[in-house]
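This report describes the surroundings of the two ligands in a predicted model. The structure is shown first.

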Amino acid sequence: MSKNILITGGAGFIGCHVVQLFVNKYPDYNIVNLDALTYAGNLENLRSIENAPNYEFVKGDITNGDFVQELFSKYQFEGVLHLAAESHVDRSIANPMEFIMTNIVGTVNLLNAARHTWGDNLKGKRFYHISTDEVYGSLGETGFFTEETAYDPRSPYSASKASSDHLVRAYWHTYKLPVVLSNCSNNYGPNQFPEKLIPLAINNIENNRPIPIYGKGENIRDWLFVIDHARAIDTVFHDGKLGETYNIGGNNEWTNIDLIHVLCDVMDKKLNREEGTSIKLITFVKDRAGHDMRYAIDATKIKNELNWEPSLQFPEGIEKTVDWYLNNKQWMENITSGSYQDYYQKQYDER
Ligand code: NAD
Ligand code: DAU
């Protein structure tokens, strides 16, 4: 008999790769994708599986507790993969309340619905909360985030995700709700909304527009190809130990400026431009408020205990990413018309 599995945020960047992987790999799961289709949610991301017999899309908002409970009562989910979130740091600085509502209240609504629906019948049930390395704060030049690193979130986004992580663990300890968590580093790859550094830069380079680099471009991020993250999520969902947290990372640190240099070289080649053309578009702009200096994940636990590690090296990943955006220009055009222009103006014109 097929199991109903809920994936929240499945129309977003990471969610769409997780939904596609699960729909294709697990014909015995009926995948229900719950997504509010905010600016970041896009059903075009799911065209390849939208007619699959084991897939259903439900449009709905996780901040509505009654609605979430009705959905659980209807489908009696066996498992939940919770990815829905407000995910962009800059938007959280401009407007924190949406982050509090979706990331904290929305998560508690899902936890409550799981708890009330499952009651004492917990065999085979699993609530998987997908989170970020930003909850650990900012590193100096050395060291890595491990699962034991104390939380020190520093933006409204990371504080809201940290809060949701604490609540998920509180439901494990207090109510014995069967939970598992993971905290991942920066993802890149196809289908990422062009408010985030890499797709924003690809789009601007293609259109000969300035590439805005915050501060001096010295901040460091640890980049992981999104399909490797989806594979890790599959592994943690099926094999992760209940109550545990797994850090997921790319072991792939770059300063923003070095990363943009690599991207410019790849773009010049793909667009048949003279070497050095795109680098001229780099423009240093006012820094992000409270900009975390460095993130770097120690992913030893998931490697040793669950046998997961990244499959793709960065040069291959970045080429695949650029190819995808250049082959999907209509996708980019559709989402950058309309409200994206207002966002871009507010975010960058005054920098
Ligand atoms: P995204 O912004 O691309 O997608 C978020 C999705 O959630 C969208 O489809 C949106 O419509 C949906 N959503 C937002 N508010 C909702 C609500 N109230 N009700 C229902 N749906 C709602 O985000 P992403 O980059 O795919 O991130 C997914 C998850 O992974 C998030 O929880 C994020 O914190 C986490 N994460 C992201 C990264 C990264 O680099 N992108 C890294 C680590 C962890
Ligand atoms: O670490 C995981 C996190 O990675 C996720 O939890 C977040 O959801 C995701 O958005 C991402 O957060 P970052 O803030 O690191 O990603 P972003 O792409 O916004 O920025 C990457 C770096 O590039 C960061 O140091 C800020 C810088 N930047 C970003 C933008 C949008 C620029 O220099 N210029 C820009 O225009």
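## Ligand surroundings

An oxygen atom of ligand 1 sits 2.5 Å from a side-chain N or O atom of Asp-35. On its own, ligand 1 exposes 830 Å², of which the protein buries 96%.

The shell around ligand 1 holds 28 residues, with Ile-14, Asp-35, Ser-87, Tyr-157 and Lys-161 the closest. By class, 13 of the shell residues are nonpolar, twelve polar and three charged. At least two residues of this shell come from each of helix H1 (13–25), strand E5 (126–132), helix H5 (156–175) and strand E7 (186–188). E5 gives the most, with three residues.

| Residue (polar side-chain atom) | Distance to an oxygen atom of ligand 2 |
|---|---|
| Asp-133 | 2.5 Å |
| Glu-134 | 2.8 Å |
| Tyr-157 | 2.6 Å |

Taken alone, ligand 2 exposes 690 Å², and the protein buries 95% of that area. Ligand 2 is surrounded by 23 residues, and Asp-133, Tyr-157, Arg-288, His-291 and Tyr-348 are the closest. This shell comprises nine nonpolar, eight polar and six charged residues. Strand E8 (residues 211–214) is its main contributor, giving three residues.

Tyr-157 is listed among the closest residues for ligand 1 and also for ligand 2.

Terms used. Residues are numbered from 1 along each chain as its sequence is written. Chains are lettered from A and ligands numbered from 1 in the order in which they are written. This is a predicted model: local features need pLDDT of at least 70, side-chain atom pairs count only at pLDDT 80 or more; totals for chains, interfaces and linings use all residues. Side-chain values use heavy atoms; hydrogens and water are left out. A residue is near a molecule or strand if one of its heavy atoms lies within 4 Å of it. A polar contact is a pair of N or O atoms within 3.5 Å; within protein, one must be able to donate a hydrogen and the other to accept it, and residues adjacent in sequence count only if both atoms are side-chain atoms. Accessible areas come from the Shrake-Rupley method with a 1.4 Å probe; for residues, only the protein chains shown count as cover. Helices (H or I, at least four residues) and strands (E, at least two) are DSSP runs, numbered from the N terminus. Ala, Val, Leu, Ile, Met, Phe, Trp, Tyr, Cys and Pro count as nonpolar, Asp, Glu, Lys and Arg as charged, and the others, Gly among them, as polar.
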